[in-house]
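Hi there,

Here is the structure I promised to pass on to you. Please have a look at it first, and then read my notes below.

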Amino acid sequence: MAVANPLNTPIPSEPNFKPRSLRAHRLLLLPVSLAVMLLVWQSAIWINGFPAFILPPPARVWQRMIIALSDGTLLRHTAITLSESLGGLAVGLAVAAALGYLLARSRTVERLLAPYIVASQSVPVVAIAPLLIIWFGSGLTSKVLICALIVFFPVLINVIVGVRSVEPDLRDLMRTLRANRWQLFFHLELPAAMPMLLGGLKIGATLSVIGAVVGEFVGPNNGLGSLITAARNQFDTALVFVAVIALIAIAMGMYGTVALLEKILLAWKD
Amino acid sequence: MTPVLSIQHASLVYPNGNGGLLALDNLSFDVAPGEFVCVIGPSGCGKSSMLKLFSGLRRPTEGQIIFEGEPLVHPRRRIGVVFQKANLMPWRTVLQNITLPLELERVPGEAAMSRARELVELVGLAGFENARPRDLSGGMEQRVAIARALVHRPDVLLLDEPFGSLDALTRERMHLELLRIWDRYRKTVIMVTHSISEAILLADRVIVLTARPGRLRADLPIRLPRPRTLEQVFTPEFGALVTQVRAAIE
């Protein structure tokens with residue numbers, strides 16, 4: 001007997017029905033927008049006649065990048081900024097997740113700590129950064145701490161919202177099944193809060209790169225922030241551009257990794 | 001026969017800053033092993049609160065619940081609960097949702113899987129083992145919830161208006177399925193409902209509660225022959241029982 005959708009099988013979501021040509025167009029979108037951007041950049045120089053130390057043309061930035069790549073400066077500084085960002089993200093995430101869980105589960109802890117946490121956010125990280133440099137030197141530790149500070153708050157808020165979003169009925173279900181504390185966390189709270197946690201991590205990943213640059217500006221030693229400072233002092237504007245592009249690459253790479261993680265861990269959502 | 005569950009002089013007060021809201025008032029009755037009891041009453045009569053007491057999720061303000069001769073002070077694995085909503089975990093597949101109680105009891109994977117497959121079959125969801133809850137209809141979700149409540153073989157099953165959100169046809173199918181399951185395992189069932197015909201079709205006994213606060217209004221035995229069928233709804237005996245229950249509610 002022919003019945004429409006007899007087994008209540010899920011109907012494939014809309015994108016699968018999109019014609020092939022449309023998807024091909026979407027693939028072209030990025031290269032086209034890049035080309036347009038480069039054209040606007042170059043035209044600005046042609047029209048206004050900016051000297052290279054104000055706005056270097058794309059070709060010059062490209063040449064500078066090749067040089068910075070071949071003599072190893074770019075990779076060395078990029079690696080340092082990347083490790084500061086990753087380290088800060090890890091520390092910030094760990095502290096925010098643990099504290100966020102406690103705050104979400106206990107009103108007492110929330111009343112005790114919330115004022116301090118909110119107060120800490122009213123001070124810009126740039127204002128605290130010099131202190132951290134004084135205390136921990138201009139090495140890796142202070143930079144990681146600056147990144148962690150900037151990552152901490154958005155992740156914390158997302159963890160609290162995530163843990164609080166667990167449905168009370170599901171908690172009741174776990175209680176009727178006599179789940180212990182650890183089982184409750186592992187089987188219910190963690191998976192239920194995962195979408196919010198990963199959302200926080202996405203924001204944190206990009207903020208962490210900003211933290212690293214702030215740290216390197218305040219306590220220049222190594223890394224892309226220091227490279228920018230040095231290049232600016234030498235009017236090597238092309239190198240400033242190269243460093244900025246490297247920063248964008250780091251941020252996009254970290255964001256992309258979290259997005260990929262999201263795709264794998266939250267496959268049940270869509 | 002000694003009752004498996006009894007509620008004794010139980011009162012329940014919800015604190016509301018205004019002396020509290022009395023949800024249940026001095027409620028007492030016994031449930032015999034293997035009995036199918038339906039509890040019915042106007043909305044807001046504390047039916048769901050009563051079920052919370054039987055599940056051990058909440059303790060009465062006064063009085064007590066006795067489970068197998070001992071006061072019930074916390075939830076028990078041997079008392080299974082099906083909630084109004086299916087309460088499935090969206091990140092788990094149908095099969096994984098059903099094995100949840102066994103995982104929490106650390107039943108080895110092999111044994112858990114075969115038991116869950118058996119129940120998938122029983123509730124008519126064969127072929128949907130790996131589907132996610134979002135791909136299921138309301139009726140299918142509720143069947144998964146029933147399978148999950150049965151998988152660890154509890155002695156008592158508490159059902160809180162489990163079919164309330166389903167359409168009439170699905171509801172009828174679920175009634176027959178529940179009767180079939182009950183016939184096979186003969187568990188003690190306490191089911192809260194607001195449908196008179198549902199209560200009479202399923203139960204050995206219908207307990208009627210009054211509007212807020214919930215008090216025992218009537219305790220009516222249903223002596224219709226088993227196995228029950230949907231056709232019984234049209235018999236004069238059934239009609240007489242409906243009249244009787246309706247009179248008790250009003």
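A word on names before we start: helices (H or I, at least four residues) and strands (E, at least two) are DSSP runs, numbered from the N terminus. Residues are numbered from 1 along each chain as its sequence is written, while chains are lettered from A and ligands numbered from 1 in the order in which they are written. Please keep in mind that this is a predicted model, where local features need pLDDT of at least 70, side-chain atom pairs count only at pLDDT 80 or more, and totals for chains, interfaces and linings use all residues.

Backbone of chain B

Let me begin with P227(B), which is in the loop between β10 (216–221) and α7 (236–249) of chain B. The peptide bond that leads from R226(B) to P227(B) is cis, and its omega is near -5°.

Two residues other than glycine have a positive phi. H9(B), in strand β1 (residues 5–14) of chain B, is not a glycine, yet its phi is positive at about 45°. E68(B), also not a glycine, has a positive phi near 50° and sits in the loop between β4 (62–67) and β5 (70–71) of chain B.

Are these residues buried or exposed? A residue is called buried if 20 or more other C-beta atoms lie within 10 Å of its own, exposed if 12 or fewer, and partly exposed in between, with C-beta atoms placed from the backbone. H9(B) has 12 other C-beta atoms within 10 Å, so H9(B) is exposed. E68(B) has 14 other C-beta atoms within 10 Å and is therefore partly exposed.

Strands pair if DSSP finds at least two bridges between them, and seven bridges join β1(B) to strand β2 (residues 21–31) of chain B, the two running antiparallel. In this pair, V13(B) stands opposite L22(B) of β2(B). The hairpin has six residues between the strands, and G17(B) takes a positive phi near 75° in it.

Where the chains meet

Residues are in contact if their C-beta atoms, placed from the backbone, lie within 7 Å. Chain A brings 15 residues to the contact and chain B brings 18 residues. On the side of chain A that touches chain B, α7 (168–176) and α8 (181–218) of chain A each supply at least two residues. What gives the most to that side of chain A? The answer is α7(A), with six residues.

Axes here are lines fitted to C-alpha atoms, for helices over the stretch in contact, and angles run from 0 to 180 degrees between N-to-C directions. Angles under 35 degrees count as roughly parallel, over 145 as roughly antiparallel, 65 to 115 as roughly perpendicular and the rest as oblique.

Helix α2 (residues 58–70) of chain A packs on helix α10 (residues 237–265) of chain A at an angle of about 75°, their axes 9 Å apart. The two are therefore roughly perpendicular to each other. Among the residues that make the contact are R60(A) and M65(A) of α2(A), and F241(A) and V242(A) of α10(A).

Helix α3 (residues 73–105) of chain A also packs with α10(A), at an angle of about 40° and with axes 10 Å apart. That makes α3(A) oblique to α10(A). In this contact, residues of α3(A) including L74(A) and L82(A) meet residues of α10(A) including V242(A) and I250(A).

Enjoy exploring!

How values were computed: Two residues are in contact if their C-beta atoms, placed from the backbone, lie within 7 Å.
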